[in-house]
2 protein chains.
Amino acid sequence: MAVKNNYVCSLGLTIDLIGGKWKLMILWYLIKDSKRFGELKKSIPNISQKVLTEQLKELESSQIISRKVYPTVPVTVEYSMTAYGESLIPLIHDLCEWTKQYASENDIEISGD
Amino acid sequence: MAVKNNYVCSLGLTIDLIGGKWKLMILWYLIKDSKRFGELKKSIPNISQKVLTEQLKELESSQIISRKVYPTVPVTVEYSMTAYGESLIPLIHDLCEWTKQYASENDIEISGD
DNA sequence: TGGTATAGTTACGAAAAAGTGACTACGAAA
DNA sequence: TTTCGTAGTCACTTTTTCGTAACTATACCA
């Protein structure tokens with residue numbers, strides 16, 4: 001799911017940028033606040049450490065989030081939204097609302113956000 | 001990517017409903033007009049027949065698109081947006097616009113829509 | 001009788017994504 | 001000197017998704 005440099009349709013790029021099983025969810029947890037790796041790990045249900053690091057790297061390399069290392073002991077790493085990430089927030093909200101509506105009309109239970 | 005009946009986060013459901021490599025793109029081509037199977041196949045670059053039928057079935061079963069069979073010879077099948085699909089159009093547009101903006105700022109070429 | 005067109009299905013394999021568990025580096029504290 | 005906590009990495013397996021090619025059904029038409 002690495003970003004290429006040409007697409008036949010913009011939605012193809014959309015999918016590469018924020019598609020996949022986890023990226024939207026990761027972004028969701030960063031909307032409210034920047035978070036450390038461990039906090040994200042704890043917040044996001046069932047995500048594995050490996051996948052979390054992978055997805056964070058991809059989101060970072062596409063400039064949607066940024067990664068800041070603090071030289072504490074042990075090191076802490078903070079992830080936060082960049083300007084691109086911020087510009088995505090309303091869209092994520094809309095998707096979320098649309099989905100909640102869908103869920104409620106179709107008796108699908110959503111236990112978290 | 002079948003829709004389950006409970007989720008810990010609404011975005012998990014979002015992904016099941018319209019995530020994956022092809023669903024958004026299929027919907028994109030249905031925004032303008034309803035289309036027959038063959039037209040979709042021709043319009044969507046590089047999609048295989050198998051994947052197209054699979055994805056159409058999933059979108060139909062989640063009531064985002066509808067399928068109508070015309071008893072012509074040979075049969076023609078027309079796919080179109082349902083009310084759910086229609087309600088998704090502005091979100092798809094927004095995603096598309098966001099992505100185009102992203103692409104233009106990052107020298108990513110988009111040859112089609 | 002054979003060819004054409006639409007809209008599929010089916011079997012198979014390849015590739016991509018995700019999951020698991022063990023491992024590393026760092027320095028502080030016990 | 002061993003243990004702890006953060007933030008990973010690495011090798012491996014499983015699962016999911018995607019792609020290819022061949023096949024089906026139907027009925028018209030030549």
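How much area is buried between chain B and chain A? About 4100 Å², with carbon and sulfur atoms giving 70% of it. Buried area here is the accessible area (1.4 Å probe) that two parts lose on being put together, summed over both.

This is a predicted model: local features need pLDDT of at least 70, side-chain atom pairs count only at pLDDT 80 or more, and totals for chains, interfaces and linings use all residues. Residues are numbered from 1 along each chain as its sequence is written, chains are lettered from A and ligands numbered from 1 in the order in which they are written, and side-chain values use heavy atoms, with hydrogens and water left out.

**View 1. The interface of chain B and chain A.** 46 residues of chain B are in contact (heavy atoms within 4.5 Å) with 46 residues of chain A. The count of salt bridges between the two chains is 0. A salt bridge needs a side-chain nitrogen of Lys or Arg within 4 Å of a carboxyl oxygen of Asp or Glu. Polar contacts join 22 residue pairs across the interface, both residues at pLDDT 80 or more. Strand E1 (6-7), H1, H2, helix H5 (83-105) and strand E5 (109-110) of chain B each supply at least two residues of the side that touches chain A. H5(B) gives the largest share of that side, 14 residues. Helices (H or I, at least four residues) and strands (E, at least two) are DSSP runs, numbered from the N terminus.

View 2. Thr99(A) lies in helix H5 (residues 83-105) of chain A. It is buried, with a relative accessible area of 0%. Buried means under 20% relative accessible area, exposed over 50%, and partly exposed in between (1.4 Å probe, protein chains only). The Thr99(A) side chain reaches the backbone oxygen of Leu95(A) at 2.7 Å. Not counting residues up to four places away in sequence, Thr99(A) touches Ser10(B), Leu13(B) and Thr14(B). A polar contact is a pair of N or O atoms within 3.5 Å; within protein, one must be able to donate a hydrogen and the other to accept it, and residues adjacent in sequence count only if both atoms are side-chain atoms.

**View 3. Helix H4 of chain B.** H4(B) covers residues 49-61, 13 residues in total. Its buried residues are Val51(B), Leu52(B), Gln55(B), Leu56(B) and Leu59(B). Seen down the helix axis, they fall within an arc of 130 degrees, so they line one face of H4(B). The arc is that of the directions from the helix axis to the C-beta atoms. On the other side, Lys50(B), Lys57(B) and Ser61(B) are exposed. The cover over the buried residues includes helix H1 (10-18), helix H2 (23-31) and strand E3 (65-70) of chain B. Just after H4(B), Gln63(B) takes a positive phi of about 65 degrees.

**View 4. The salt bridge of Lys4(A) and Asp16(A).** The two side chains meet at 3.2 Å, N to O. Lys4(A) sits in the segment before strand E1 (6-7) of chain A, and Asp16(A) in helix H1 (residues 10-18), 12 residues apart. Lys4(A) is partly exposed at 48% relative accessible area, whereas Asp16(A) is buried at 10%.

**View 5. The salt bridge of Glu97(B) and Lys100(B).** These side chains meet at 3.9 Å, N to O. Both residues lie in helix H5 of chain B, 3 residues apart, about one turn of the helix. Glu97(B) is partly exposed at 46% relative accessible area. Lys100(B) is partly exposed too, at 33%.

Notes:
The expected span of a helix is 1.5 Å times one less than its number of residues.
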